[in-house]
Amino acid sequence: MTASALPDLLPFGFVDAHHHVWAPDSRGDEIGYGWLRDIGAPKPFGDPTAIQRDYLWDEFLSETLLRPRASVHVQTDGALPDPVAETRFVAETAGAHRVAIVGLADLCAPDLAKTLARHAETPGFAGVRQIVSHLPDAPGLSFAPRALLSEGAWRAGLATLAEAGLRFDLQCYPEQLFEAAEVFAAHPQMPVILDHAGSPRNGADATWRAGVAELAKLPQVSAKLSGWGMFDTAWTAESIAPMTAHLLAEFGAERVMFGSNYPVEKLAKPYDAVLQDTARAVALTARGALPHVFLDTATRVYGLDYPSA
């Protein structure tokens with residue numbers, strides 16, 4: 001399959017439910033972007049040097065000829081001094097492109113409600129991601145400094161988020177999925193989106209499969225087919241097909257969506273390859289699922305609005 005085949009495979013277009021834009025060079029002093037300015041410092045997904053530069057809307061929207069009809073921007077740095085500044089930057093520079101914005105908030109912070117209210121002043125603000133991926137025996141792979149899911153203050157903050165009617169993007173490791181299911185069961189009205197397919201760094205192993213099945217029991221949870229290159233830079237449609245099939249079986253196509261994770265995924269492969277290989281993996285299981293995975297699920301879950309094709 002080539003990029004020219006994408007319009008035939010996705011004639012309805014697509015929504016990119018997980019990507020980033022950032023400006024460490026031009027607006028780093030204003031917004032922060034700590035890890036993006038720490039050139040060459042290793043991250044859990046490898047050496048980020050090639051993407052530690054400005055990556056703005058024009059570049060993102062030119063990655064593929066089949067431009068996304070809308071997208072979901074997800075926060076980029078867990079230690080921004082003022083995460084609301086990033087939310088405003090994303091909205092103010094998006095132009096006519098329709099975008100839902102998932103911003104950062106520290107759920108343990110005493111001023112959480114104030115931060116959420118400030119985020120909500122920006123049109124398109126849809127929810128929060130605070131990465132909870134933590135492995136006590138593997139600090140080099142941990143995005144979170146401690147086990148946030150287990151903390152009472154963090155859980156209280158999650159309740160505040162739910163009361164505000166917002167969504168939560170969940171990024172965690174397979175070992176944390178059972179605890180995550182227990183935590184989010186307490187908030188059945190809050191949409192929760194599992195980022196990066198549940199971070200299957202060991203593929204479709206028993207821990208990941210069982211955790212996905214447990215989390216999928218909660219009807220308010222959806223899952224993203226994204227972030228494959230964070231754990232396997234040589235991934236193909238065939239290599240992710242078993243995980244894609246399991247996610248579709250447990251969640252149903254109506255609760256699964258595509259995300260590119262660009263520009264992080266740019267470290268692994270071109271955008272068109274991400275798009276077509278994910279579509280191929282879905283089609284290997286259920287071709288009829290493609291409209292849900294690439295358009296309808298993200299549109300519904302994030303409340304996106306865009307012109308008809």
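The entries below go topic by topic.

**Ground rules.** I noted that this is a predicted model, in which local features need pLDDT of at least 70 and side-chain atom pairs count only at pLDDT 80 or more, while totals for chains, interfaces and linings use all residues. Residues are numbered from 1 along each chain as its sequence is written, and side-chain values use heavy atoms, with hydrogens and water left out.

**Helices near the end of the numbering I looked up.** I took helices (H or I, at least four residues) and strands (E, at least two) as DSSP runs, numbered from the N terminus. I compared spans by the rule that the expected span of a helix is 1.5 Å times one less than its number of residues. Helix α11 covers residues 271–286, and because its 16 residues at 1.5 Å a residue should span 22 Å, I find agreement with its end C-alpha atoms, which are 22 Å apart. For burial I used relative accessible area with a 1.4 Å probe and protein chains only: buried is under 20%, exposed over 50%, and partly exposed in between. Among the buried residues of α11 I listed Tyr 271, Val 274, Leu 275, Thr 278 and Val 282.

I made the same kind of check on helix α12 (residues 290–301), whose twelve residues should span 16 Å at 1.5 Å a residue, and its end C-alpha atoms are 16 Å apart, which agrees. The buried residues of α12 include Leu 290, Val 293, Phe 294, Leu 295 and Val 301. Just after α12, I saw that Gly 303 takes a positive phi of about 65°.

**Phe 12.** I found Phe 12 in the loop between α1 (6–9) and β1 (15–19). Taking contact as heavy atoms within 4.5 Å, and leaving aside neighbours within four places in sequence, I noted that Phe 12 is in contact with Arg 69, Leu 290, Pro 291, Phe 294 and Leu 295.

**The core.** A nonpolar core here is a set of buried Ala, Val, Leu, Ile, Met, Phe, Trp, Tyr and Cys residues joined through side-chain atoms within 4.5 Å. The largest one has 84 residues, and those with the most contacts inside it are Trp 154, Phe 168, Leu 170, Phe 184 and Phe 294. Apart from it lies another core of 16 residues, among them Ala 70, Ala 126, Val 301 and Leu 304. Not counting residues up to four places away in sequence, Phe 184 touches several residues, including Leu 149, Trp 154, Phe 168, Leu 170 and Gln 220.

I also looked up His 187, in the loop between α8 (177–184) and β6. His 187 has a relative accessible area of 15% and is therefore buried. With the residues up to four places away in sequence left out, His 187 touches Leu 158, Ala 159, Ala 162 and Gln 220.

On a 1 Å grid over the protein atoms alone, a cavity is a set of points where a 1.4 Å probe fits but cannot get out, a pocket is an open set with protein on both sides within 12 Å along at least five of seven lines, and lining residues have an atom within 4 Å of a point. Grid points are joined across faces, edges and corners, and a volume is the space filled by probe spheres set on the points.

The largest pocket has a volume of about 790 Å³. Its lining has 39 residues, of which Gln 75, Asp 77, Gly 78, Ala 79 and Leu 104 lie nearest the centre. Helix α6 (residues 112–119) gives the most to this lining, with four residues. I then looked at Gln 75, which lies in the loop between β2 (70–74) and α5 (83–93) and is buried, with a relative accessible area of 1%.

The largest cavity holds about 30 Å³ of space. Its lining includes Trp 228, Trp 235, Phe 258, Val 274 and Thr 278.

The peptide bond from Tyr 262 to Pro 263 is cis, with omega near 5°, and Pro 263 is in the loop between β8 (256–258) and α11. Ala 197 has a positive phi of about 55° although it is not a glycine, and at 0% relative accessibility Ala 197 counts as buried. Ser 199, in the loop between β6 and α9, has a phi near 50°.
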